[in-house]
Amino acid sequence: MELRVLQYFLAAAREENITKAAALLHITQPTLSRQLMQLEEELGVKLFRRGKHNILLTEEGMMLRRRAQEIVDLAEKTAKELKHGEEKVSGEISIGCGETRNMRPLSEMLASFRQEYPDVSFHIYTAIADEVRERLENGILDMGLLLEPVEVSRYHYVRMPLREKWQVLMRRDMQLAGKQKITPDDLAGVPIIMARRQSVRNELENWFGYDKEKLHVVATCNLSHYNQSILVESGIGVALVMEFTCKQDALCLRPLDPQIESGCVLVWKKNLTLSPAVQRFIEYVERYLTETGKKVWKI
């Protein structure tokens, strides 16, 4: 598979129309059609379902789209690193992040670092820890901001300064909202929206301490306090979430009792040759966290 053909495939998948994709790629429609058919012959699968006015991906096509995007992203990232390798510190640093309050100190470090190295830019990819780790393994991301529990044996890491506290997000008109803290017994039989990530679910389920069959999980989410807030406000259930600033008047947050706290780490792969920009940023982060060790971060 040629990189150019994968770029053609991604354009066709995005536009769902051969003519539009060909125009964006500045090639003729017959040329694009021929390249896509040759790709299907090479792989031995049908990538598109062709209609009169559009094309749609098959299951095999959707699988290839994901991998093709990773390959193209990695190729572009490598080209940028090589281009800037012998020049002043510049280029792009890709960081995968979950939804965590530690984005605040990380953001301050990014802003401060760019004052010293203005030719460095950052790409922030938001996803759960499992997806961030997959992209780290594939070389698409340079670093990952991961919420624990997470296996860090394959990584170098620095520990971020803020501890993440789990809370219950609920409607203010619920009887539970009258409590200052929420115990496991308070949630017995209550419809619950829970994290989808299995390691996090295991930790939360252990907190309940009683038969898991009493848990009434009605929905799972991977990310987005906004989406969880909409679900809670709609009356689907209460959500177990990391502490955040809730701005909806109809909702409120209550801490767990006993409390559950999670740490957060910024990781990068061991035994990997780093670009000058990434290496300089790591050194900067380690120095910054040491110098601000007792700082009170405002969230």
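Modeller: Two strands pair if DSSP finds at least two bridges between them. This is a predicted model, and two bridges join strand β8 (residues 191-195) to β10.

Colleague: What makes β8 and β10 a pair, and which way do they run?

Modeller: The cut-off is at least two bridges, and β8 and β10 have two, so they pair. The two strands run parallel. Within this pairing, I193 has A239 of β10 as its bridge partner.

Colleague: How do you know that β7 also pairs with β10?

Modeller: Strand β7 (residues 164-171) is joined to β10 by four bridges, and the pairing requires at least two, so the label holds. These strands run antiparallel. Q167 is placed opposite V241 in β10.

Colleague: Why is β10 called largely enclosed?

Modeller: Buried means under 20% relative accessible area. Five of the five residues of β10 (residues 238-242) are buried, so the rest of the structure largely encloses the strand. V238, L240 and M242 point one way, A239 and V241 the other way, and all are buried.

Colleague: Then why is T19 called exposed?

Modeller: Exposed means over 50%. T19 has a relative accessible area of 52%, so it is exposed. T19 is found in helix α2. The C-alpha atoms of T19 and Q29 are 5.5 Å apart, although ten residues separate them along the chain.

Colleague: Why are α2 and α3 described as roughly perpendicular?

Modeller: The range for that label is 65 to 115 degrees. The axes of α2 and helix α3 (residues 29-43) cross at roughly 105° and come within 8 Å, and the helices are therefore roughly perpendicular to each other. I18, T19, A21, A22 and L25 of α2 make the contact with Q29, L32, S33 and L36 of α3. By class, six of these residues are nonpolar, three are polar and none is charged.

Colleague: Why are β4 and β6 said to stand at the edges of their sheet?

Modeller: Five strands form an open sheet in the order β4-β3-β5-β13-β6, with mixed pairing. β4 (120-126) and β6 (155-159) each have a single partner strand, so one side of each lacks a neighbour in the sheet. From one strand to the next, the twist averages 25°.

Colleague: How do you know that β3 is a partner of β4?

Modeller: Seven bridges join strand β3 (residues 91-97) to β4, against a requirement of at least two, so they pair. They run parallel, and E92 stands opposite S121 in β4.

Colleague: What makes α5 a helix packed on this sheet?

Modeller: Contact means heavy atoms within 4.5 Å. Helix α5 (residues 103-116) touches β3, β4, β5 (143-147) and β13 (264-269), and its direction makes about 160° with that of β4. Helix α6 (residues 129-137) lies across β3, β4, β5, β6 and β13, running at about 155° to β5.

Definitions and conventions:
Residues numbered from 1 in each chain as written. Predicted model: local features only at pLDDT ≥ 70, side-chain atom pairs only at ≥ 80, totals over all residues. Heavy atoms only, no water. Buried < 20%, exposed > 50% of the residue type's maximum accessible area, 1.4 Å probe, protein only. Axes fitted to C-alpha atoms, helices over the stretch in contact; angles between N-to-C directions. Parallel < 35°, antiparallel > 145°, perpendicular 65-115°, else oblique. Nonpolar A, V, L, I, M, F, W, Y, C, P; charged D, E, K, R; others polar.
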